[in-house]
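Please examine the structure shown below. The account that follows begins with a single residue and then widens its view step by step.

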Amino acid sequence: MSTNEDIQLKEPNKVNEEVDDVTKIKFFGGHEYDGIKELDNPLPPWLKYLFYVTIIFSISYLILLFVFKDDSIIQVKEYRKEVMAARAKTEVAVKEEAVKTAAAPMTEEQILAAGKAIYDKTCLVCHGKFGEGLVGPNFTDEYWIHGGRPEELKKVIIEGVLDKGMISYKSQMNNTQIDHVIGYILSLQGSNPPNQKAPQGVKN
Amino acid sequence: MELQKFSYDNRMTRNFAIATMVWGVVGLLNGLLIALQIYIPSMNFGLEFTTFGRTRPVHTNAVIFAFVGNAIFTAIYYSLQRLLKTRMYSELLGKIHFWGWQAIIVAAAVTLVMGFTVGKEYAELEWPIDIAITVVWVIFGWNMFGTILQRRTSHIYVSIWFYIATWVTVAVLHIVNSMAIPVSFLKSYTLYAGVQDALVQWWYGHNAVAFFLTTPFLGLMYYFVPKISGRPVYSYKLSIVHFWSLIFLYIWAGPHHLLYSSLPDWLQALGTTFSVMLLAPSWGGMINGLLTLRGAWDKVRRDPILKMFVVGITAYGMSTFEGPLLSFKTVNAISHFTDWTIGHVHIGALGWNGMLIFGMIYWLIPRLYNTKLYSTKLANVHFWIATLAIVFYAIPLYIGGITQALMWKQFTPDGFLMYPNFLETVAQLIPMYTIRAFGGFLYVLGFLILVFNIVKTIQSGSFVAEEHAEAPALESLPEGKTQSESGHRFLERKPIRFLIFATIAILIGGIIEVIPTYLIKSNIPTITSVKPYTPLELQGRDIYVKEGCYNCHSQMIRPFRSETERYGEYSKAGESVYDHPFQFGSKRTGPDLAREGVKTGKIYKPNSWHYNHFIDPQKMNEASIMPKYPWLAKKEIDIQSTPGKIRAMKILGVPYPENYEQKAIEDLKAQADSIAKDLAANGIQTDSNREIIALIAYMQRLGVDISTKSTKK
């Protein structure tokens with residue numbers, strides 16, 4: 001039960017001691033506050049050197065910016081560099097990708113699955129979980145506002161219908177992905193999900 | 001030398017200690033609530049008052065200013081008297097301080113849940129409360145300096161150095177950051193705009209951490225650790241060096257909260273470098289605390305109170321190591337806007353502040369009540385539960401934060417975002433949030449054990465209101481510095497001079513950072529296409545602030561390919577020049593909104609989408625963790641406040657045409673009608689005077705100004 005009562009009650013040593021019993025380090029004479037004394041230890045050297053290192057680092061960093069205007073610290077330059085590097089890399093990757101897809105065509109099932117994955121990420125927030133339509137039009141009925149042929153859908157996805165709130169997705173999906181998602185959307189025809197939005201546009 | 005008899009007043013210490021526990025329960029339970037709300041949106045119980053955007057500021061304010069604040073005053077009212085061998089200067093000032101502070105806390109809680117907020121983190125309180133805080137803070141300072149000046153000791157101990165620095169810096173920070181133009185009794189616009197506001201805010205915000213959560217606790221540590229362990233302070237020299245370097249350097253570090261934002265590069269660089277330089281001074285405090293326990297380690301093993309101090313000080317060492325780390329731009333590019341930051345601050349809050357408070361209360365209450373702690377065993381249980389709680393709290397947030405940041409940045413080989421849907425990156429966090437909430441639950445549980453233990457202790461003892469003491473009167477000291485005394489030793493017996501030096505030390509950094517940002521135009525290049533908000537958008541923006549949207553959504557696109565691909569053009573300094581207050585945000589629980597209104601952009605949504613989404617986000621995507629805001633469609637816009645708001649904006653320098661306030665209501669109604677008409681065309685019938693219309697107008701304005709150049713209009 002008693003943990004530190006003993007400490008509390010113990011009066012600070014009245015003897016005129018100058019050295020701490022435990023560590024054998026000198027006390028600072030005259031430093032005593034409510035029984036608290038202070039030892040005459042120097043700063044730990046490693047801490048002092050750590051401080052010097054951080055100061056040297058900081059000065060160098062600031063010189064790099066203020067004097068040399070180094071690109072790695074100026075964020076707009078850093079950004080441009082990043083975008084250029086990415087552009088160069090993706091150009092190569094796109095070519096490789098095209099070769100790969102041509103070499104290994106997907107089955108219809110695989111296409112639909114890939115299309116659904118994209119749909120669930122991107123399209124559902126406006127067209128509903130099952131394509132029943134929400135803010136955007138219904139995909140499951142036979143009515144289309146901008147035409148229901150694959151190339152017409154592709155145009156909408158790539159260019160968007162800005163006045164109606166459909167944005168362009170050309171920077172968010174590649175060509176193959178757009179084809180997949182169109183395949184999936186067209187497969188929803190006649191699926192008759194609940195809560196369908198009223199038909200919009202003209203019958204196919 | 002004749003001994004003078006006097007007594008220490010324990011009443012205020014006791015009052016503040018009890019207030020600490022009461023607000024601790026409130027603040028921690030509130031923390032647990034928002035830990036659940038962040039992934040279970042229905043935990044707002046369908047009420048606007050208990051929605052995350054409002055309860056999160058209540059939590060931060062409650063734990064910082066109520067729980068920690070009262071603990072600081074407990075420590076100061078106890079240790080100050082004993083370190084100076086004198087009674088507190090004035091009982092009346094003490095009473096005003098105590099009751100004033102509690103009244104402020106109640107007013108803060110009520111106004112925040114009601115939605116009265118300035119919209120700046122940790123400085124949300126509206127102007128009448130800000131004034132009250134200033135008054136009470138001055139009264140506290142008066143009482144403290146009165147006590148220091150009537151001391152019976154020749155010198156002031158290191159704890160008091162920290163108390164002095166705390167007092168002056170918090171006063172400066174609070175007053176400068178809270179400057180605002182009132183529009184009505186509980187509504188004001190902050191004096192600063194955009195990037196300048198962000199700079200002042202994070203100068204304040206970071207130094208609230210430094211001078212409210214750190215320096216007073218170092219003072220507390222310097223008193224209680226040697227007192228409880230019976231060991232001398234490890235190094236007086238280290239105390240001096242780390243005190244001055246800490247307070248001088250800390251004030252510069254604020255811009256590290258704005259790395260890769262539209263803040264000028266030179267300010268960001270100062271933020272990084274001064275944060276890095278803070279490592280050694282911070283660790284100086286940790287070392288002086290831990291090494292004071294040299295020769296008392298067997299006592300530490302037995303005593304839960306000392307164990308709490310050891311874990312607390314170690315947590316301080318960890319978070320002050322992590323702080324500089326997070327200030328490197330490369331690390332910050334990953335950590336910022338994620339839960340990593342939340343994990344980081346809670347190592348400090350739960351570990352350093354929490355553990356030190358627990359230890360202090362367990363030690364103090366039995367002494368104030370002349371009894372023994374009811375159960376050391378329970379205190380031990382609390383220690384282990386709290387330690388475990390910190391682990392369960394922080395680790396999932398580190399994992400979740402890093403995972404999410406990497407997902408945000410992931411590209412496919414052909415150059416598309418791997419996870420273009422923000423919600424995909426949120427789904428990964430749900431298990432982490434669950435474990436975090438469990439950690440939070442453990443921490444609350446531990447605290448309830450403390451409350452039980454303390455109530456039992458109080459019941460078993462009798463309160464010692466007046467603790468008798470005696471000490472010789474203070475001999476008159478030589479006016480000037482004597483030959484044998486060092487410069488610092490001289491300063492320690494000149495508290496007013498000490499205060500002045502400390503004030504100079506803390507002003508330098510702020511002045512060098514803030515003034516040029518105002519005076520030198522190139523820091524914020526003008527963009528001519530940026531225009532003031534329309535009256536309806538301004539009202540919508542106020543609703544955005546009121547609902548605390550900034551707690552989850554940023555408006556700051558960093559210049560990274562992963563962000564410009566996801567959201568659009570990165571944010572520029574000149575864009576936010578009319579934003580009183582700035583709304584950059586500090587956390588992305590939801591996506592960034594800085595380009596929400598850009599029709600040709602990547603995240604544009606039509607009015608009808610916004611309408612549906614505000615009322616029921618889960619209808620648009622069932623995985624969404626955003627709470628529903630159905631009241632926005634019911635509540636009416638406070639149209640009559642419009643002219644006053646325009647007038648206030650004009651005082652702040654926003655260039656509305658002359659006498660525009662007279663035309664503002666008309667314009668507001670016209671714009672609202674056009675939005676209502678568009679909604680009607682899409683099958684949504686609503687009155688045009690609803691808050692939701694104003695908020696939609698604001699959403700559709702975001703980012704539009706700088707994109708007008710590229711669109712044909």
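In this predicted model, B:Ile506 is found in helix α19 of chain B. Is this residue, B:Ile506, buried or exposed? B:Ile506 counts as buried because 21 other C-beta atoms lie within 10 Å, and a residue is classed in this way once 20 or more are present within that distance. Leaving aside residues up to four places away in sequence, B:Ile506 touches B:Ala165, B:Val168, B:Thr169, B:Val172, B:Ile247 and B:Ile251. B:Tyr250 lies 256 residues from B:Ile506 in sequence, yet the C-alpha atoms of the two are 8.1 Å apart in space.

Helix α19 also takes part in covering another helix of chain B, α4. Helix α4 of chain B runs over residues 127-149, which makes 23 residues. From its first C-alpha to its last, α4 of chain B reaches 33 Å, close to the 33 Å expected at 1.5 Å a residue. The buried residues of α4(B) are B:Trp127, B:Ile129, B:Asp130, B:Ile133, B:Phe140, B:Gly141, B:Asn143, B:Met144, B:Thr147 and B:Ile148. In general, an α-helix has 3.6 residues a turn, so residues three or four places apart point the same way.

At the level of domains, the assignment for chain B gives domain 1, made up of 3-371 + 464-472 + 486-512, and domain 2, which spans 535-707. The centres of these two domains of chain B, taken over C-alpha atoms, are separated by 35 Å. In the contact between them, 35 residues of domain 1 of chain B meet 40 residues of domain 2 of chain B. On the domain 1 side, the elements that give two or more residues are α2 (52-84), β2 (180-184), β3 (187-190) and α6 (194-212) of chain B. The largest share of that side, five residues, comes from α2(B). By class, the domain 1 side has 16 nonpolar, 13 polar and six charged residues.

Chain B also meets chain A, in a contact that takes 61 residues from chain B and 62 residues from chain A. The elements that give two or more residues to the chain B side include α2, α7 (215-229), α8 (236-250) and α22 (607-615) of chain B. The largest share of the chain B side, seven residues, comes from α9(B). The residues of this side divide into 31 nonpolar, 15 polar and 15 charged.

Technical notes:
Residues are numbered from 1 along each chain as its sequence is written. Chains are lettered from A and ligands numbered from 1 in the order in which they are written. This is a predicted model: local features need pLDDT of at least 70, side-chain atom pairs count only at pLDDT 80 or more; totals for chains, interfaces and linings use all residues. Domain bounds come from an automatic or database domain assignment. Two residues are in contact if their C-beta atoms, placed from the backbone, lie within 7 Å. Helices (H or I, at least four residues) and strands (E, at least two) are DSSP runs, numbered from the N terminus. Ala, Val, Leu, Ile, Met, Phe, Trp, Tyr, Cys and Pro count as nonpolar, Asp, Glu, Lys and Arg as charged, and the others, Gly among them, as polar. The expected span of a helix is 1.5 Å times one less than its number of residues. A residue is buried if 20 or more other C-beta atoms lie within 10 Å of its own, exposed if 12 or fewer, and partly exposed in between; C-beta atoms are placed from the backbone.
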